[in-house]
Amino acid sequence: MNRRELIAGIAGLSLAAAGRAHAQGVPEVTIGAIYPLTGASAQVGFDAKLAVETALDVVNTVHDLDLPTARNAGLSGLGGAKVRVVFADHQGDPQKGRAEAERLISQEKVSAIFGTYHSSVATTVSATADRYQVPFLAADSSSPTLQRRKLRYFFRAMADDEQFSKVMFDFLDAERKGGRAVEKIALFHEDTIFGTDSSNIQRQLAESRGYRIVADIKYRANSPSLTSEVQQLKAAQPDVLLPSSYTTDAILLIKTMNDLGFQPPALIAQAAGFVDKALYDAVGDKVDGLITRAEFSLDLAQRRPMIAKVNYLYRARSGKDMNENTSREFMAVILLADAIDRARSISGPAVRDALASTDLPGERTIMPWKYVKFGPDGQNTGLNPVLLQYIDGRFATIFPPDVAVRPVEWPMR
Amino acid sequence: MTSDTLIQVLLSGLLMGLIYGLVAVGLSLIFGLMDVVNFAHGEFLMIAMYVMFGLVVFSGIDPLVMTPLAVGALFVLGALTYVGVIRHAMRAKANVGMVQIFATFGLAITMRGVAQYFLTPNYRSLPESLLGGKTVALAGIVLPLPQLAGGLISLAAFGALYALMTRTDLGRALEATREDAGAVALVGIDKDREFMIGWGIGAALIGLAGSVLAIFYYIYPDVGAPFAVIAYITVVLGGFGSIFGALLAGVVVGLAEAAMTLVAPPAMKSIGIYILFLAVVIFRPRGLFGKF
């Protein structure tokens, strides 16, 4: 080794040491994500990972986007600390979710947790997080019972099924007022907390607004066959079918309806499986005219240009457009990064207080939210749920009228 | 409820039951032959459905035509599974039963993991086929053609299996091996070969079931799970090792499931099967037609 090489070597070593010292000075921020990575809903977890990676790219590198933490590399409030998301697999099982939450908190030392798609899992995970004083952000679980348990560490930026169902019935009221024959309603829902809560609310709304419930079918999730259930729906001859199902059941429902020659004039879904691309790949030709509640739609990009920019980033990574779920998962990372950035701390209680004081205008999100401000129960108060209709292979916003981009097609084709 | 609905629901249950029987019979056959419960049964079904999917998508030929190829592929997979895994598990020096259980259980997890990794967790469906989405209507009763064809194919498969087991040398050799795997060596039957063929036939039957299901069901790495549970119940109900028992028990399970949706919330439809299952385990542990 000659002298030049020696000097270069020493310089290299000291640079590396300096780099390490720098890294030690800035804490790395770890957030836990609990999703179904295997099992019947694994595709949701798979897509969530891509959405989270997109969000981490926005947070950890410099982007010309008007999203919190986007313009700096890392979190400026913590000296440029990078954010890392650790994924855990709940397989659709609430008990596995609870165990994974404990592992993330005690071993990975996460500053916050988000997830979990299934409301049944969100129930156990949020209770566990609350006990350990770590904030839990329900990114994409919509059951309204979640925020009714007075958990101090629970937050949700998206609408719940109560708010979504209200929009559905506002829409039905408007159609009825417009002279449409809308009287007989059929409920069809899976048997975990998501389906049960959703149908309870829909039943109450239907009764209070004077609709007749002609079928109310609670079915077993992931059933090998839905023939008898669909037969009962068909016999009830509803004007509107309101299903609350995850993807596997949604595909089977549509296939079985098609097999048995049953098509109601309108089908208004509680998102979940009905916004999953897999459903449209499998049976898209059979659901032209399907309506679903939503909080996200690509056509909203006309009013909120950032949607198109972020969708471009996500598309480059995944090869597909963002949907209802991936857009919320993306925002979950942004909201948590923003709170940790403002908290200037990675401790659970500090992050919790920062989350509670979140005040983000809707324009600085990719959702149609008016703003993000959490109420005392942790639920965002600035919501703006919409209805989308799937026509000619794409979703278009049809309700409420002030954001609709086209009129509804009724009956569905 | 109208009588139309009643007949419709029961007929649908009957057709689904015949398919349940077909899903279960391979499991029963393998157990009858060599006392091994294949815990990867649902995963064999999953592989069969993917094989069918691959064959149809790549060839563009109708699933009905491709079925024999899928069945053949699963026969080979079954035989290879015996040679590669089960034969070794059966040679364990201690706790042979446990080793067999863990071998097939491990196989199940591996198969599911591999499918999830290489095929992604995405849901897939067969493209339009001759039968897919078509129905026949008879006096107000609508029967989906895929299920109708599935039911008839199941019946034919049971007939063929029965003939194979009772009318051919191969069947007699299998039966003899089942009766006494040690003694058959004396008459020149290679036990290992019989077991391998038995696994092949068992897997071929699940290959047929998978082909039938793929026409009207969605496909994803966990698709085997709900069917495997039903298959285990069907085999216990029908009696371990009994071909006819698997057929009858499949129909009983299909009908019980359908009938339950008429009298109870559909979410409870499996309860009837479980009660039946418990009753059989308590009062007739060898099942309706079991020989053990």
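This is a predicted model: local features need pLDDT of at least 70, side-chain atom pairs count only at pLDDT 80 or more; totals for chains, interfaces and linings use all residues.
Let's start with chain B as a whole. Chain B has 10 helices and 2 strands. Follow the sequence, and the pattern reads α-α-α-α-β-β-α-α-α-α-α-α. How compact is chain B for its length? Its radius of gyration is 19 Å, and the globule rule gives 19 Å for 292 residues, so chain B is as compact as a globular protein of that length. Along the principal axes, the C-alpha atoms fill a box of roughly 60 × 50 × 35 Å.

Now look inside chain B. Of its 292 residues, 54% are buried. Next, consider the contacts in chain B with a sequence separation of 6 or more. Residues 24 or more positions apart account for 76% of those contacts.

Next, a pair of helices. Two packed helices are described by two things: the angle between their axes and the distance between the axes. Our pair is in chain B. Helix α9 covers residues 243–263, and helix α10 covers residues 269–283. What is the angle between α9(B) and α10(B)? It is about 135 degrees, with the axes 7 Å apart. The crossing of the two helices is right-handed.

Which residues make this contact? From α9(B) come V252(B), V253(B), E257(B), M260(B) and T261(B). From α10(B) come K269(B), I271(B), G272(B), I273(B) and L276(B). Sort them by class, and the contact has 6 nonpolar, 2 polar and 2 charged residues.

Stay in chain B for one more helix. T67(B) sits in helix α3, residues 63–90. Is T67(B) buried or exposed? Its relative accessibility is 13%, so T67(B) counts as buried, the cut-off being under 20%. Set aside neighbours within four places in sequence, and T67(B) is in contact with M52(B), L208(B) and S211(B).

Over to chain A, and two residues in loops. The first topic is L226(A). Where is L226(A)? It is in the loop between β7 (212–219) and α7 (227–236) of chain A. L226(A) is buried, with a relative accessible area of 0%. Leave out neighbours within four places in sequence, and the contacts of L226(A) are F188(A), Y219(A), D249(A), L252(A), L253(A) and T256(A). Now take Q389(A), which is 163 residues from L226(A) along the chain. The C-alpha atoms of these two are separated by 24 Å.

Then there is N72(A). This residue lies in the loop between α2 (42–60) and β2 (83–89) of chain A. N72(A) has a relative accessible area of 35%, so it is partly exposed: that class runs between 20% and 50%. Beyond its neighbours within four places in sequence, N72(A) is in contact with V59(A), T61(A) and V62(A). How far apart in space are N72(A) and V58(A)? They are 8.9 Å apart, C-alpha to C-alpha, and 14 residues apart in sequence.

Last topic: backbone geometry. Most residues other than glycine have a negative phi, and most peptide bonds are trans. Here are some cases of the other kind.

Peptide bonds come first. T116(A) is in the loop between β3 (112–115) and α4 (119–131) of chain A. Another cis bond runs from F399(A) to P400(A), again with omega near 0 degrees. P400(A) falls in the segment after β14 (394–399) of chain A.

Now for phi. K109(A) is not a glycine, yet its phi is positive, about 55 degrees. You will find K109(A) in the loop between α3 (94–106) and β3 of chain A. K109(A) is exposed, because its relative accessible area of 60% is over the 50% cut-off.

T120(B) has a phi near 65 degrees, a positive value in a residue other than glycine. T120(B) is in the loop between α4 (96–119) and β1 (135–138) of chain B. Its relative accessible area is 24%, so T120(B) is partly exposed.

That's the tour. Thanks, everyone.

Definitions and conventions
Residues are numbered from 1 along each chain as its sequence is written. Chains are lettered from A and ligands numbered from 1 in the order in which they are written. Side-chain values use heavy atoms; hydrogens and water are left out. Axes are lines fitted to C-alpha atoms, for helices over the stretch in contact, and angles run from 0 to 180 degrees between N-to-C directions. Helices (H or I, at least four residues) and strands (E, at least two) are DSSP runs, numbered from the N terminus. A crossing is left-handed if the near helix is turned anticlockwise from the far one by less than a right angle, and right-handed if clockwise. Contact means heavy atoms within 4.5 Å. Ala, Val, Leu, Ile, Met, Phe, Trp, Tyr, Cys and Pro count as nonpolar, Asp, Glu, Lys and Arg as charged, and the others, Gly among them, as polar. The radius of gyration is taken over C-alpha atoms; the globule rule is 2.2 Å times the number of residues to the power 0.38. Buried means under 20% relative accessible area, exposed over 50%, partly exposed in between (1.4 Å probe, protein chains only).
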